[in-house]
Amino acid sequence: MLMPNFIKTSRLSLTPFERTDIDRFIELVNDEGVARSLASLPLPFTAPDAQAWIADREQQQASNNKYLFAIKTKTSGFIGVIGMDRQNKELFDLGYWLGRKFWGQGYASEAASAILHWAETNVGIKAITASYFQDNPASGRVLEKSGFLHTGVKTMRYSPAHDKRINNIGMIWLGNTPVSHGREIL
Ligand SMILES: CC(C)(COP(=O)(O)OP(=O)(O)OC[C@H]1O[C@@H](n2cnc3c(N)ncnc32)[C@H](O)[C@@H]1OP(=O)(O)O)[C@@H](O)C(=O)NCCC(=O)NCCS
């Protein structure tokens, strides 16, 4: 069962992902400009791919290993996705994308800041990692604006859209409350 989580910001609603969002999801994600920056979605992303993707995420969400939200605006409805996957007991990893026509309006930064605040205050999450392909500086900027720091770690990660491993830059967010020395996170 989906967790009944809702986050409101001044312009966005982050809501549980609904099956009625699938058509719009497929329409927006099947765009080279979106998919080339994602590590986990192949192109083309078909309706069966989407059904399997959502079923898998619902299962993980039910066991609190994932928190997934549809990003919606009042006028356009579904515009993208943001979510976090558990890496270990206290550490999550953040990912997001928006349909191309919704870029450049601060929506990703607004959604990222909101989910971080929600994660810290509602779920008690203390640390979140994120990473972006080197040719995607806009995502790095979203993370910086949301309070992430560069870890200095670069890895080679497979990009389905490029069909090769490319440089991936690591970042981390340690919450707004100070982390005590010696506490093990990673
Ligand atoms: C990355 C993405 C989520 C950004 O969404 P967005 O709503 O346009 O982001 P925002 O408007 O909140 O912020 C983008 C920031 O990047 C900056 N930016 C955009 N293009 C840039 C570039 N080529 N180089 C450097 N900075 C850039 C913008 O100026 C803005 O920063 P500013 O507010 O300081 O001016 C969106 O482009 C997307 O969905 N891309 C495809 C999927 C993806 O990359 N997902 C993340 C995978 S790690």
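Predicted model: local features only at pLDDT ≥ 70, side-chain atom pairs only at ≥ 80, totals over all residues.
User: Why does Phe17 count as buried?

Analyst: Let's set the value against the cut-off. A residue is called buried if 20 or more other C-beta atoms lie within 10 Å of its own. Phe17 has 20 C-beta neighbours inside 10 Å, so Phe17 counts as buried.

User: Which residues is Phe17 in contact with, leaving aside its neighbours within four places in sequence?

Analyst: They are Ile54, Leu68, Phe69 and Ala70. A contact needs C-beta atoms within 7 Å. There is also a C-alpha distance to look at: Phe17 and Ile82 are 65 residues apart along the chain, and their C-alpha atoms are separated by 10.0 Å.

User: What makes the buried residues of helix 1 line one face?

Analyst: Begin with the residues themselves: Phe25, Leu28 and Val29 are buried in helix 1. Seen down the helix axis, the buried residues fall within an arc of 90 degrees, so they line one face of helix 1.

User: What covers the buried residues of helix 1?

Analyst: The cover includes helix 2 (32-35), helix 3 (47-62), strand 4 (77-86) and strand 5.

User: Why is strand 4 called largely enclosed?

Analyst: Count its buried residues. Seven of the 10 residues of strand 4 are buried, so strand 4 is largely enclosed by the rest of the structure. Now try strand 7 (residues 149-159): one of its 11 residues is buried, and strand 7 is hardly covered.

User: How do you know that strand 3 and strand 4 pair?

Analyst: Two strands pair if at least two bridges are found between them. Strand 3 and strand 4 have eight bridges, in the antiparallel sense, and that meets the definition. As an example, Lys72 stands opposite Phe78 in strand 4. The two strands form a hairpin with three residues between them.

User: How many bridges join strand 4 to strand 5?

Analyst: Seven, and these strands run antiparallel. Gly83 has Gly95 in strand 5 as its bridge partner. A hairpin with four residues joins strand 4 to strand 5. Strand 2 (residues 12-16) and strand 3 (residues 66-73) also run antiparallel, joined by five bridges, and here Leu14 stands opposite Ile71.

User: Which residues of the largest nonpolar core touch the most other members?

Analyst: Ile71, Ile82, Ala111, Ile115 and Ile128 do, in a core of 44 residues. Helix 4 gives the most to this core, with eight residues. Take Ala111: not counting residues up to four places away in sequence, Ala111 touches Leu12, Leu14, Ile71, Ile82 and Tyr96.

User: Which residues come nearest to the ligand?

Analyst: Of the 20 residues around the ligand, those are Ser37, Ala108, Ser109, Ala138 and Arg141. The shell divides into 12 nonpolar, seven polar and one charged. Helix 5 supplies the largest share, five residues.

User: Why do the buried residues of helix 5 line one face?

Analyst: In helix 5, Ser139, Val142 and Leu143 are buried. Down the axis of helix 5, the buried residues fall within an arc of 95 degrees, so they line one face of the helix. Pro137 and Ala138 are exposed on the other side of helix 5. Among the elements covering the buried residues are helix 4, strand 6 (127-133) and strand 8. Just after helix 5, Gly147 takes a positive phi of about 105 degrees.

Note on methods: Residues numbered from 1 in each chain as written. Near = placed C-beta within 6 Å. Nonpolar A, V, L, I, M, F, W, Y, C, P; charged D, E, K, R; others polar. Buried ≥ 20, exposed ≤ 12 C-beta atoms within 10 Å, placed from the backbone. Arc of directions from axis to C-beta. Contact = placed C-beta atoms within 7 Å. Core = buried A, V, L, I, M, F, W, Y, C linked by C-beta atoms within 7 Å.
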